[in-house]
Amino acid sequence: MEFKILLTGGAGYIGSHVAHLLIDKGHSVSIIDSLITGDRKLVPKKAKLYICDIGDKLKVSKIIKQQKFDLVMHFAGLIRVEESIRKPEKYINYNYKKSKIFLNTCFKYNLKKIIFSSTASVYGNVKNKALENDKINPLNPYALSKLKTENYIIQQSKKKSISYIILRYFNVAGADKKLR
């Protein structure tokens, strides 16, 4: 069964790897990426790339209305912890406020299945291993911006018919077997 997936941040490291995997599995992938941190060369050739900001309601609305997506995978965001400490407002704006605009646009057009790429740094400094129900303790604006978006998704799921998965990774590393 083929799914039509809208993936934000598909020109980034994690997003591009996920896009390749989805296409390899026979799914249709459309990518929204502003390319402020991503690289067009990482986008799979079989994916449809829309170069735009996730906070641009008009462009995002047009993309969603053009196709009937089955789900959205929201991987877009700024990721540099050190920069987030120097420029906390930038991270709250890009990772939380623009995500909120994007998600509300998705909800408006009944795109209500969400996979959100968050971070394990919402747990703060963990001594052994983090468990899903551990205490949340974001120690920097990057982690806080991701946690705020998580909380927004959870809050909206209680008001609307939204299904979601939140992924909290630690450091991500590796290479594609096909070296893409």
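Me: Which residue does Lys-90 meet in a salt bridge?
Reply: Happy to start there, keeping in mind that this is a predicted model. A salt bridge needs a Lys or Arg side-chain nitrogen within 4 Å of an Asp or Glu carboxyl oxygen. For Lys-90 the N to O distance is 2.9 Å, and the partner is Glu-83.

Me: Is Glu-83 buried or exposed?
Reply: The cut-off for buried is under 20% relative accessible area. Lys-90 has 29% and is partly exposed. Glu-83 has 12%, so Glu-83 counts as buried.

Me: Where does Lys-98 lie, the residue that pairs with Asp-53?
Reply: Good one to look up in the structure. Asp-53 and Lys-98 form a salt bridge, with their closest N and O atoms 2.8 Å apart. The two are 45 residues apart in the chain, with Asp-53 in the loop between β3 and α2. Lys-98 sits in helix α4 (residues 88-108).

Me: How many residues apart are Asp-24 and Lys-178?
Reply: These side chains meet in a salt bridge at 3.8 Å, N to O. Asp-24 belongs to helix α1 (residues 13-24), while Lys-178 is in the segment after β6. The pair thus links distant parts of the chain, and the separation is 154 residues.

Me: Is Lys-178 buried or exposed?
Reply: Asp-24, at 43% relative accessibility, is partly exposed. Exposed means over 50%. Lys-178 reaches 58%, so Lys-178 counts as exposed.

Methods
Residues are numbered from 1 along each chain as its sequence is written. This is a predicted model: local features need pLDDT of at least 70, side-chain atom pairs count only at pLDDT 80 or more; totals for chains, interfaces and linings use all residues. Side-chain values use heavy atoms; hydrogens and water are left out. Helices (H or I, at least four residues) and strands (E, at least two) are DSSP runs, numbered from the N terminus. Buried means under 20% relative accessible area, exposed over 50%, partly exposed in between (1.4 Å probe, protein chains only).
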